[in-house]
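Thanks for coming, everyone. Please bring up the structure on your screens, and I will walk you through it.

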Amino acid sequence: EDFIPIAERCGLVQEIDDLVFEKVCSFIAKENLISYGIKTIEVNLSGNEAVDAHTHERLFRKMEKYHIPPNYINFEITDTSHITGDATFKENFTKMREQGFTFSMDDFGVGDSNILELLKFDYVLIKMDREFIWNCLDPENPEKLNVLKHTIDFMKKNGLHVLAEGVETLEQARILIDNGVEYLQGFYYSRPVPENDYIEFLNAQKGLVHKADGTAN
């Protein structure tokens with residue numbers, strides 16, 4: 001929340017995206033994450049990088065280097081203000097989708113990540129921003145829950161899968177599940193952890209992870 005917007009303004013976010021993706025691919029290969037039953041890894045891809053004509057080749061080369069199949073990666077598109085109606089993004093999107101990549105819209109409900117934008121591209125998953133979720137679950141304004149219900153219903157009727165960010169309590173999780181949310185993410189499940197701690201976490205979840213039919217993040 002602090003340094004990424006600064007990196008975007010300074011034109012450094014592509015370097016960060018490339019560094020993160022290299023680390024992710026290396027980690028997947030080193031730890032053989034597929035063996036833990038994890039079916040998908042989600043990686044942020046900024047709007048700046050999505051409209052770069054060389055993005056497709058650059059990302060694909062990294063995956064080939066570590067022998068990772070494209071359908072193992074789902075890209076979360078962030079900062080969609082940079083890709084509205086952009087022909088380069090559509091071309092990248094098409095090429096990557098043909099290779100097996102899939103895409104999510106990140107931070108739905110804030111900024112430019114809105115219903116109009118999600119209808120423009122073939123996303124498979126919509127990640128509802130935590131601020132949007134918290135506002136809809138405000139106990140002092142229970143009528144706001146209707147906004148959440150109608151939004152989820154709209155997405156699912158259009159063939160989209162729905163994830164809620166910012167889940168911090170069991171009560172929030174239950175309300176979201178009862179209203180049709182398929183995937184949950186937040187501190188209730190885990191805070192961000194270093195690589196070694198993540199492997200320990202996966203080992204502790206063995207049996208549960210292999211039965212899960214969802215994504216890892």
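**Overall layout**

The chain has 11 helices and six strands. Keep in mind that this is a predicted model. The average pLDDT over the chain is 85, and 90% of the residues score at least 70.

Let's go to H4, which spans residues 55-65. Which residues of H4 are buried? Thr 55, His 56, Arg 58, Leu 59, Phe 60, Lys 62 and Met 63 are. What do they pack against? The partners are H2, strand S1 (41-46), helix H3 (47-50), strand S2 (73-78) and H5. After H4 comes His 67, and its phi is positive, near 55°.

Stay with Lys 62 for a moment. Its side chain meets that of Glu 22 in a salt bridge, at 3.0 Å from N to O. Glu 22 sits in helix H2, residues 13-31, and Lys 62 in H4, so to speak at the two ends of a 40-residue separation that links distant parts of the chain. Buried or exposed, these two, Glu 22 and Lys 62? Both Glu 22 and Lys 62 are buried.

H2 also holds Lys 30. With a relative accessibility of 53%, Lys 30 counts as exposed, because the cut-off for exposed is over 50%. Lys 30 and Tyr 66 are 36 residues apart in sequence, yet their C-alpha atoms are 8.9 Å apart in space.

In total, the structure holds 10 salt bridges. Side chains of opposite charge can pair when their charged atoms come close. Let me show two that involve helix H5, residues 87-99.

Start with Lys 95 and Glu 91. They form a salt bridge, with the closest N and O atoms 3.2 Å apart. Why do these two sit about one helical turn apart? Because Lys 95 and Glu 91 are four residues apart in helix H5. Lys 95 is partly exposed at 36% relative accessibility. Glu 91 is partly exposed as well, at 44%.

Next, Arg 97 and Asp 122. Their side chains meet in a salt bridge at 3.2 Å, N to O. This pair links distant parts of the chain, 25 residues apart. Arg 97 is in helix H5, while Asp 122 is in the loop between helix H6 (115-118) and strand S4 (125-128). Relative accessible area is 36% for Arg 97, which is partly exposed. Asp 122 is partly exposed too, with 43%.

There is also a network of salt bridges. Glu 42, Glu 76, Lys 127 and Glu 165 are linked in it.

**Cysteines, a glutamine and a patch**

How many disulfides are there? The count comes to zero. Two cysteines to look at are Cys 25 and Cys 136. Cys 25 is buried, with a relative accessible area of 0%. Cys 136 is buried at 4%.

Move on to Gln 172, in helix H9, residues 170-178. Gln 172 counts as buried because its relative accessibility is 18%, and the cut-off is under 20%. What does Gln 172 touch, leaving aside its neighbours within four places in sequence? The contacts are Trp 134, Leu 137, Gly 166 and Val 167.

Last stop, the surface. Leu 170, Tyr 188 and Tyr 189 make a nonpolar patch of about 270 Å². Tyr 188 lies in the loop between strand S6 (183-184) and helix H10 (195-204). With 36% relative accessible area, Tyr 188 is partly exposed.

That is the tour. Questions, please.

Technical notes:
Residues are numbered from 1 along each chain as its sequence is written. This is a predicted model: local features need pLDDT of at least 70, side-chain atom pairs count only at pLDDT 80 or more; totals for chains, interfaces and linings use all residues. Side-chain values use heavy atoms; hydrogens and water are left out. A disulfide is a pair of cysteine sulfur atoms within 2.5 Å. Buried means under 20% relative accessible area, exposed over 50%, partly exposed in between (1.4 Å probe, protein chains only). Patches are made of residues with over 30% relative accessible area and no salt bridge: like charges are joined within 9 Å, nonpolar side chains (Val, Leu, Ile, Met, Phe, Trp, Tyr) within 5 Å. Accessible areas come from the Shrake-Rupley method with a 1.4 Å probe; for residues, only the protein chains shown count as cover. A salt bridge is a side-chain nitrogen of Lys or Arg within 4 Å of a carboxyl oxygen of Asp or Glu. Contact means heavy atoms within 4.5 Å. pLDDT is the predictor's confidence in each residue, from 0 to 100.
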